[in-house]
2 protein chains.
Amino acid sequence: MIFSPEEYVRRIAKVRARMAEAGIDVLVEADPANMNYLTGYDGWSFYTPQVVVLAMDGEAVWIGRGLDRGGARLTCHMAPENLVAYPDHLVQHPTNHPMQFVAEEMARRGWDKGRVGINDDCFTFSPRARDTLEAALANARLVAVDLLVNWVRLVKSDAELALMRKAARTVEGMFAAYYAHMRPGVRQCDVAAEIIKVQVAGTAEGGGDYTTPIFMPVGEQTSASHLTWTDQIIAPDQTTYLECAGVHRRYHCPLARTIHLGPPPQKLLDMDKAILEAMDRALEQVRPGNSCEQVEAAFRATLAKHGLKKESRIGYPIGIGYPPTWGERTASLRQGDRTVLEPNMCFHMILGMWQGDWGFETSESFRVTETGHECLAAVPRGLKAIV
Amino acid sequence: MIFSPEEYVRRIAKVRARMAEAGIDVLVEADPANMNYLTGYDGWSFYTPQVVVLAMDGEAVWIGRGLDRGGARLTCHMAPENLVAYPDHLVQHPTNHPMQFVAEEMARRGWDKGRVGINDDCFTFSPRARDTLEAALANARLVAVDLLVNWVRLVKSDAELALMRKAARTVEGMFAAYYAHMRPGVRQCDVAAEIIKVQVAGTAEGGGDYTTPIFMPVGEQTSASHLTWTDQIIAPDQTTYLECAGVHRRYHCPLARTIHLGPPPQKLLDMDKAILEAMDRALEQVRPGNSCEQVEAAFRATLAKHGLKKESRIGYPIGIGYPPTWGERTASLRQGDRTVLEPNMCFHMILGMWQGDWGFETSESFRVTETGHECLAAVPRGLKAIV
């Protein structure tokens, strides 16, 4: 077990408090990050339906595919009778669906009535899953309680922060590999391989893990936000950026930096200067009591002074993540988001400036402290010229 | 562009034929593998809603987040007016949803009536996405046409097979790294790092790519199917298996093999013998005209002679994949699946035997030929003892 039993007890108590507020009797949670948060379950099995069911008392119950029960036994903290497997003929079948089984198991436990909370906007809970559950739970009412557990995850415990700090050490190593291997004449995939090797190995203090892949565009590709790498040979005098995360036991520390392979053009130097100044102003606004939109407003105002603007949000909360995202999907550092910052919330402030045929990125993963902020990773923030 | 324009024309013609059969006027496709198949679009952007909309004539239309339009421009083959971006304030917002924008864009093109096909059991199309689209398309009827494009993908073109063969060369290299680095006294994550380094770099003939992570359990962890790796130090006299895929430009070649670190125990030798024999019998049944269930029946009958049985399916089709799965989610090699094999279908036959506290895996990725089958990767099939 990665955390003490008490850590899970505290998490579940917080989730139940929110369930009570929302008038929810039973929560059916399909998001793998939330399942991990509630039970410790960790397996790459979320391509088939699986859930954690949490009622207002008793242990949580994991329900998944038969061949994944072994993984649940090795990673969850619950009693064996609360690790329940459905048979394999339900998997990817034209007419059967695992949610039929989930409903039957809920009925067996008396959890097939009242208000059943579901996530209505979750990668791992399809329309067909909801339809099947709804039809099979004739006496219950399904209620969308999107992100209920995600909001509880927003404030980190000290035990969680310790894992994120280990992830920060890994991401520092990934940038060292980027700076060491990104050179003209090399294939993009060969540079990416060196960086990801560090991501997976981690450091001597803690191993690395899988996550969303690294984004490492070169040249015109930097004008796009979510390209990974290709096998093209890197040309000289190109801009490239790396956005990636160190991960330790599913906890993330993302980071982004930009390189120019040669003497940087003036427009890139100007962008670097503007963004670093705007980032300073934004980070100064990070303190308990301030809102997400206040942080973004400071960024935007500073950027405007430089004649620049950015349409997309500048950050999101981080912690546990499973592909396809390491973001927690709750608050956003953007206009209109009045979420109030509290100590031990953690965000990735990511400043991506994608222009017509070029781009620039820098970022910091930070913790909200009692009085301000603490950047998790220590990598010099500015544009790096490799000449 | 990875493929010729003619390749996309052929794909779209096949998809439209199936749309006509299903009485569908417009297809709204959210599965990233299907989006890639129809347009070439390739970006790690599927954690926010995005679709390809295909009517019965004209070009397909990509609709995605503003900051991903740059990636669409660099990877898709369509005209700029058919790459449509929605504004960022719709992303992960409590009340707005990108599907409102998708519906408006469809209306603008006159595609907001008739029967609109959607995928109802897809990772990237949530219940909320469907609800929003349904409400916004008041004059249309949403019809679930799950896996319509996936079924077209089942038979590969020669151009696709060429990419899968490059992926096969990469997976061979990954197993060479596994055999070279898997040793007692080393951390699991350090072995995984060496294997994934090869996965990302690929070979001199073609670069590697990201995918679902490698599964590399050691010891008791082999009793589970979807554990990846930890930072534990590998003990002597343990069983370990590796299940992973080589990838080239999103095309996959998965493979699995088992190692014992020391002289293998008799039960493992017996399992190896039984599975290899059963695999031979199953592969003998692979030929055009035979069904998926015939292949599985030959496996099961042979296994029974050895007093063994396997509950889960023994294979699935492969080709384009995005995490969380490299499977195509259509046919399964299992009882009751009467899908008839045709030349150039490609499957991963994966024989995972998860016992109480140990396990064994071996597999082959194969192409159905005119007369039988062709294994894509060349890695000796049996248990490997490293002493």
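Chain A is divided into domain 1 (5-153) and domain 2 (158-385), with bounds that come from an automatic or database domain assignment. The model is a predicted one, in which local features need pLDDT of at least 70 and side-chain atom pairs count only at pLDDT 80 or more, whereas totals for chains, interfaces and linings use all residues. Residues are numbered from 1 along each chain as its sequence is written, while chains are lettered from A and ligands numbered from 1 in the order in which they are written.

The C-alpha centres of domain 1 and domain 2 of chain A lie 33 Å apart. Where the two domains meet, 12 residues of domain 1 of chain A are in contact with 10 residues of domain 2 of chain A, contact meaning that the C-beta atoms of two residues, placed from the backbone, lie within 7 Å. On the domain 1 side, the elements that give two or more residues are α2 (32-39) and α6 (148-153) of chain A, and α2(A) provides the largest share, 4 residues. Helices here are DSSP runs of H or I with at least four residues, and strands are runs of E with at least two, numbered from the N terminus.

Chain A also holds an open sheet of 6 strands, in the order β4-β3-β2-β1-β5-β6 and with mixed pairing, where two strands pair if DSSP finds at least two bridges between them. Because β4 (83-86) and β6 (140-144) of chain A stand at the edges with a single partner strand each, one side of each is left without a neighbour in the sheet. Within the sheet, β1 (residues 26-29) and β2 (residues 51-55) of chain A pair in the antiparallel sense over 4 bridges, and Val26(A) has Ala55(A) as its bridge partner in β2(A). The helix α2(A) lies across β1, β2 and β3 (61-65) of chain A, running at about 50° to β2(A); such angles run from 0 to 180 degrees between N-to-C directions, with axes fitted to C-alpha atoms, for helices over the stretch in contact.

Another helix of chain A, α5 (residues 127-136), has several buried residues, among them Pro127(A), Arg128(A) and Leu133(A). A residue is buried if 20 or more other C-beta atoms, placed from the backbone, lie within 10 Å of its own. The cover over the buried residues of α5(A) includes β1, α4 (98-108), β5 (114-118) and β6 of chain A, together with α5 (127-136) of chain B.

This brings in the second chain. Chain A can be laid on chain B with an RMSD of 0.0 Å by a turn of 180° and a shift of 0.0 Å along the axis, the superposition being by least squares on the C-alpha atoms of residues with pLDDT of at least 70 in both. That is the relation of a two-fold axis, and the same surface serves both copies, since 100% of the contact residues of chain A recur in chain B.

Methods
Buried ≥ 20, exposed ≤ 12 C-beta atoms within 10 Å, placed from the backbone.
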